[in-house]
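Dear colleague,

Please find below the structure that I am handing over to you. My notes on what was found in it follow directly after it.

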Amino acid sequence: MAGSRSAAPGAAAGRVPSGCQGPLGRPAPGGGPASAAGRAARAGRRREALTGYAFTAPAVLLFCVMGLYTVGYGLTLSFAQWNGFTPHWTWVGLDNYADVLWRDPRYAPRVHHAALNTLWVMIGVPLLTVAAAFPLAVLLNRAGRMQAVLRSVYFLPYVTSGVAVFFAWTYILQPDGAVNALLGQLGLGSLRQPQGWLGNPDTALPTMIVVSAWGAVPVAMLLYLTGLQGIDRSLLEAAQLDGAGWWRSTASVVWPLVRPITSIVVLLNLRDSLQGFQTFLVMTDGGPGDHTNVLGLEAYRLAFLKELAPTLGLASALGWLLFAAALILALVNLRALRSTT
Amino acid sequence: MRIAVSGKVRCAAAVVAAALSLTSLSACGGSSGPGDAATLEMWTFKQSHVAALRNAAEEFRKQTGISVRVEAYTPDDAYTTKVQSAAKTHDLPDVLETHSDGEDMSLGAAGIAADLRGLVPAAWSDRFEQAVRTSGTVTDQKLRESQPKDSKLHGVRKGQRFSVPFTTGTFGIVYANKRMLADAGVTRAPATWEEFLHALGRTHAEDPVRGGISLGLKVKATGLTWVLQPLAFAQLGKERYEALFGRDASRNFASPDGTRVLSMYDRLTPYWMPGTQSLTIDEADQAFAQGKSAFDVGGTFTLAFLRQNGVKADDVLAFGLPAPERGAVPHRALGPLALTGLTLTSTSAHPDNARKWMEFLSGQKVAARFAKDSADLPATALGAEGVKVLGPTLGSMIDSFDGAPGDTYDPSLNDFRPPGYDQDPVGEVLADLTPLRKSTPAATGQDMRKLIDSYWAESK
């Protein structure tokens with residue numbers, strides 16, 4: 001941050017350059033050589049600022065083209081009917097929003113069903129992630145010399161290629177896959193799923209929630225670990241002196257202190273659950289039937305898998321509705337964060 | 001911390017950074033250049049066609065000096081998105097293998113496929129089997145389908161042509177593992193739906209895990225289009241079958257007719273291979289090839305894939321999905337249709353050479369070699385040599401095409417369904433009946449009726 005402050009031209013203009021200071025840090029009397037030195041310093045800062053601008057220009061330009069342009073384009077598209085290729089858009093106003101929300105019986109019921117599935121994912125994934133990541137981080141924080149190794153092991157799901165891992169999961173969850181085999185070996189044969197964990201409509205969505213949480217735990221665990229390592233040990237020692245055991249210290253001291261991190265973990269996972277669909281696309285494609293269809297997948301399908309039917313506008317409208325929901329969630333979370341910190 | 005940097009270095013860095021930003025912007029545009037006139041590119045979504053196409057390309061190069069690079073992108077959804085993204089970035093190949101009379105026309109409507117009207121003379125089109133000779137052409141039926149503004153064909157004009165047929169065949173072909181049939185005491189191909197269920201019962205009783213039937217039900221509409229529809233056609237006859245998709249509640253899927261055919265389809269429920277609802281078409285075929293099921297439903301094209309996965313044609317019995325014994329059409333035939341076509345892209349830099357390649361592939365000798373190499377049925381009429389070239393297994397499938405016009409189920413007919421009809425959501429509803437057992441035939445009929453009615457309601 002020090003670097004960015006020194007590079008800011010506005011910040012430099014309001015201060016006396018360090019080259020003009022006297023022995024006690026006060027401005028040097030007189031103007032001749034000191035003012036020349038000041039001009040040189042200002043010129044140096046200008047050059048430095050220009051260099052900074054030049055280095056950030058590619059990113060800014062890319063953002064303007066790839067970010068602002070596409071965002072604007074997408075928003076405009078949500079008011080049109082288009083298949084991505086025909087030369088003209090047909091403007092339909094707010095029809096796309098009305099169609100996906102309630103009006104068109106071809107789309108609205110599917111969106112409602114996908115919204116319900118998405119809601120379950122939004123409840124299940126953050127809860128499971130927090131429930132798994134926090135205890136893991138607490139254990140890892142006490143692990144001593146093995147901490148680095150274990151941290152890498154637990155982080156593995158995050159760094160492994162997503163598509164390959166999700167394909168592996170589908171094999172593991174098949175009727176003759178590893179999960180059923182393991183349950184059989186453990187004498188829990190009654191829990192096996194003869195149609196596979198993704199083939200039974202009653203287990204498919206919960207299984208997808210578990211797999212999604214499995215992918216989210218590493219980052220959450222790392223965030224918790226960072227938070228745990230920042231806790232002042234004297235607080236824990238004080239609690240111990242007051243007679244609090246490990247469980248009481250963790251529940252009454254550590255957990256409240258890492259609440260901001262919990263908020264961030266919950267927010268990140270809510271957003272991923274709301275908008276993410278890759279796992280579902282690879283593993284179930286919304287099936288069996290449409291029992292694991294989620295909003296992100298429905299938007300993707302409307303955009304790219306309708307054989308060039310003019311449904312890009314519907315997909316865009318659904319995308320913007322998801323964005324609005326994500327924004328509301330972020331604001332609610334921010335508010336909650338402020339009130340607890 | 002500050003690092004001392006000289007003015008010249010700063011200046012150079014600024015220039016490099018500015019250049020980089022311009023480079024990144026220019027990279028956003030871009031298009032493919034005219035390329036090499038002696039090299040064409042073709043994409044297909046069928047892995048089983050690649051080797052055969054490359055053999056044909058080698059022959060084409062010897063005769064004309066023009067090379068053709070053949071690439072496959074699978075599965076179908078990946079191919080669809082690949083073609084769309086390539087069209088956006090101007091990276092399309094010269095020739096695409098497309099799904100006939102559907103994908104080819106939507107590509108034509110979008111301006112991705114070139115219009116071949118007037119460019120396919122009789123000398124070329126007469127090489128094709130009579131039934132598929134005009135495939136790829138906008139007919140009156142297709143024109144009607146294109147009328148709604150939200151139709152994927154909207155904008156096409158009658159007479160335009162967006163593909164020439166390449167392979168032909170039909171859906172609803174059942175493959176059976178001969179060894180498993182023999183183990184279960186089944187000695188011949190089932191002649192009726194009832195015999196088929198009986199044979200399934202026998203193989204399933206012999207091996208409850210591996211004796212069932214596989215079908216790639218992860219692809220939503222396979223159960224609907226490959227099993228239920230030909231079954232319903234045979235049970236009800238053409239007119240009552242088509243009425244299932246109509247608005248008349250006394251005759252559509254919510255009617256007793258609908259409940260009856262759904263109940264018949266539901267009789268497959270105990271025999272599905274475990275987990276078949278989570279498999280794609282290729283995965284289901286692979287499961288059959290690995291001996292995980294005794295029966296597999298596919299199309300004429302499935303044999304090529306099975307062969308690629310180590311199945312010998314002599315080890316399987318292939319037959320058209322049998323008709324119910326007491327149905328309206330007990331000897332129902334499965335009508336052949338063009339399954340895939342060759343589409344010239346509108347951005348091809350060498351359309352003349354590309355058309356030469358497309359015409360070359362329709363030559364009788366080339367098509368016969370393709371059939372032999374790929375174990376698939378070409379659209380080109382092979383004449384008297386055909387059966388010898390295709391072998392007994394493919395030949396037996398062709399037998400299922402033979403039938404009187406009124407007794408032939410034609411999967412390409414679509415004019416009795418509402419405009420904008422999408423079979424995938426209907427397939428999802430059907431999956432709740434079987435294999436998922438979440439619904440009853442009557443309730444499924446009501447749900448299908450409701451969904452199909454929504455397409456009627458929205459057809460403008």
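Strand S5 (residues 171-177) of chain B is mostly covered, with seven of its seven residues buried. A residue is called buried if 20 or more other C-beta atoms lie within 10 Å of its own, exposed if 12 or fewer do, and partly exposed in between, with C-beta atoms placed from the backbone. Helices (H or I, at least four residues) and strands (E, at least two) are DSSP runs, numbered from the N terminus.

Please note that this is a predicted model, in which local features need pLDDT of at least 70 and side-chain atom pairs count only at pLDDT 80 or more, while totals for chains, interfaces and linings use all residues. Residues are numbered from 1 along each chain as its sequence is written, and chains are lettered from A and ligands numbered from 1 in the order in which they are written.

S5(B) belongs to an open sheet of four strands with the order S6-S7-S5-S8 (chain B) and mixed pairing. Two strands pair if DSSP finds at least two bridges between them. Strand S6 (213-214) and strand S8 (316-320) of chain B are the edge strands, each pairing on one side only. S5(B) and S8(B) are antiparallel and share five bridges; Asn177(B) stands opposite Val316(B), and Ala176(B) stands opposite Leu317(B). S5(B) also runs antiparallel to S7(B), again with five bridges, and there Phe171(B) has Gly299(B) as its bridge partner. In a regular strand the side chains alternate between the two faces of the sheet.

Two helices lie across this sheet. Helix H12 (residues 281-289) of chain B lies across S5, S6 and S7 of chain B and runs at about 140° to S7(B). For these angles, axes are lines fitted to C-alpha atoms, for helices over the stretch in contact, and angles run from 0 to 180 degrees between N-to-C directions. Contact between two residues requires that their C-beta atoms, placed from the backbone, lie within 7 Å.

Chain B also has an open sheet of five strands, in the order S2-S1-S3-S10-S4, with mixed pairing. Its edges are strand S2 (67-72) and strand S4 (164-169) of chain B, each of which pairs on one side only. On average, neighbouring strands of this sheet are turned by 25° against each other, direction ignored. Strand S3 (residues 95-99) and strand S10 (residues 337-344) of chain B pair in the antiparallel sense over five bridges, and Leu96(B) stands opposite Thr343(B). Helix H14 (residues 351-361) of chain B packs on this sheet, touching strand S1 (39-44), S2, S3, S4 and S10 of chain B, and its direction makes about 155° with that of S10(B).

Turning to chain A, its secondary structure comes to 15 helices and two strands. Of its 341 residues, 32% are buried. Among contacts in chain A between residues at least 6 apart in sequence, 65% join residues at least 24 apart.

Helix H6 (residues 147-159) and helix H9 (residues 201-229) of chain A pack at an angle of about 130°, with their axes 7 Å apart. H6(A) is therefore oblique to H9(A); angles under 35 degrees count as roughly parallel, over 145 as roughly antiparallel, 65 to 115 as roughly perpendicular and the rest as oblique. The residues in this contact include Tyr154(A) and Phe155(A) of H6(A) and Trp214(A) and Gly215(A) of H9(A). By class, the contact has nine nonpolar, one polar and no charged residues. Here Ala, Val, Leu, Ile, Met, Phe, Trp, Tyr, Cys and Pro count as nonpolar, Asp, Glu, Lys and Arg as charged, and the others, Gly among them, as polar.

The axes of helix H5 (residues 108-141) of chain A and H9(A) come within 6 Å and cross at roughly 40°, so these helices are oblique to each other. Their contact divides into 23 nonpolar, six polar and no charged residues.

Finally, the contact between the chains takes 42 residues from chain B and 40 residues from chain A. H1(B) gives the most to the side of chain B that touches chain A, with ten residues. The residues of that side divide into 18 nonpolar, 13 polar and eleven charged.

With kind regards
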